[in-house]
Amino acid sequence: MLTQIINGHILTPQGWMKDGSILVNDGKILEVTNSDLAVIGAKVIDAKGMNIVPGFISMHGHGGGGHDYTEATPEAFQTIIQTHLKHGATTIFPTLSSTSFDTIRQAATLCEEAMSQPANIVQGLHIEGPYLNRKMAGAQWGDFLKDPDPDEYIPLIESTKCIKRWDISPELPGAHDFARYTSSHGILTAITHTEAEYPEMKAAFETGFTHTAHFYNAMPGFHKRREYKYEGTVESVYLLDGMSVEIIADGVHLPATILKLVYKLKGVEKTCLVTDALKYAACKNKEIDDPRYIIEDGVCKLAESKSLAGSLATMDKLIQTMVNKANIPLADAVRMASETPAQIIGVSDRKGTLQKGKDADIVILDKDVNIRCVFSYGNIVEGTNTMIH
């Protein structure tokens, strides 16, 4: 169906287009124009002066709606995807926390099936662990943690094309060989749950680690050993200009001052917004069904240590936090949730910006940065068309 979205402020790669319109057909953007003239035969949707922005890209989220991707069932995958889609995540990379390789293979099969669909919201699989530093593992369960084993990861990667990102601790034995292999296969290779200082970080970057997961979380900053001071992972990442980062901008994992600092030092082009959401995100029933967790202060924590375990955020919450708490311009906040992750994870040819020929994944935000409508491949996502009524 030919659809025309009119009377909106459109975020384009060149900046805001005032009072423009977007023409959509067969799931693609046909044109982005500053004209509101109605096109004959098109279904017209009036944006009523609100902001029209690219759909968000969820490149690190473990669950939502009461399910986790490690359940590795069609029901879990579908529920999580639909839950986050309603909050503007029109492109999703399901994230697996540390688990068995049998579960990873089951999830990969489900991911391949989702990617084969005509209007595929899922664009690839993201694996976090199980190759993690035990001392920094946090909510990643110790039963699965181990050093990188090429007899495990090579056959897995060779058996599927769906793995697009893999995060491990770079200081583990064999981690550099892992990064050389994964990066040579087009897999975004990220640093996570680490104690690495600058020499190790520099070496890791040179072997293929180009991204840092949940920046500031599960990694040390500036610290002392005895009377001597040392840079931490955080300072090392800042010193590596080519290293991209992601931040959990839920307003709890990082304070507004640090969100502003990352934005200032790393910039829009190297910073992604991620939820790192757990199964309890956007869940009607917030009752915890796992004694290892508690919900407190708007996040999920480990019951034993009170350490942060993951967020309850959705992608729209991240935008709101960056704009309303960190005072980041809306255009830059949106770009860090759409254009930048699309570039970093390799889907910018079809996702991340509102341009002719790209997938018609579109979000309409009101002046208070609330979602008023979500389009996935040009179709309004059920339950999100509050703008129209």
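Modeller: A disulfide is a pair of cysteine sulfur atoms within 2.5 Å. Keep in mind that this is a predicted model. The sulfur of Cys162 has its closest cysteine sulfur in Cys111, at 4.3 Å, so the pair is too far apart for a bond. The structure holds zero disulfides. Both of these cysteines are shielded: Cys111 is buried at 0% relative accessibility, and Cys162 is buried with a relative accessible area of 1%.

Now the helix. α3 covers residues 150–159. Its buried residues are Glu152, Tyr153, Leu156 and Ile157. Seen down the axis of α3, they fall within an arc of 105°, so they line one face of the helix. On the other side of α3, Asp151, Glu158 and Ser159 are exposed.

What covers the buried residues? The cover includes α2 (101–115), β10 (125–128), β11 (163–168) and α4.

Take α4, residues 175–184, as the partner helix. It packs against α3 at an angle of about 10°, with the axes 11 Å apart. Angles under 35 degrees count as roughly parallel, and α3 and α4 are therefore roughly parallel to each other. From α3, the contact uses Tyr153, Ile154, Ile157 and Glu158. From α4, Asp177, Phe178, Tyr181 and Thr182 take part. By class, this contact has five nonpolar, one polar and two charged residues. Tyr153 and Ile157 are in the contact and are also buried. Glu158 is in the contact too, yet Glu158 is exposed.

Note on methods
Residues numbered from 1 in each chain as written. Predicted model: local features only at pLDDT ≥ 70, side-chain atom pairs only at ≥ 80, totals over all residues. Heavy atoms only, no water. Axes fitted to C-alpha atoms, helices over the stretch in contact; angles between N-to-C directions. Helix = DSSP H or I, 4+ residues; strand = E, 2+ residues; numbered from the N terminus. Parallel < 35°, antiparallel > 145°, perpendicular 65-115°, else oblique. Contact = heavy atoms within 4.5 Å. Nonpolar A, V, L, I, M, F, W, Y, C, P; charged D, E, K, R; others polar. Buried < 20%, exposed > 50% of the residue type's maximum accessible area, 1.4 Å probe, protein only. Arc of directions from axis to C-beta.
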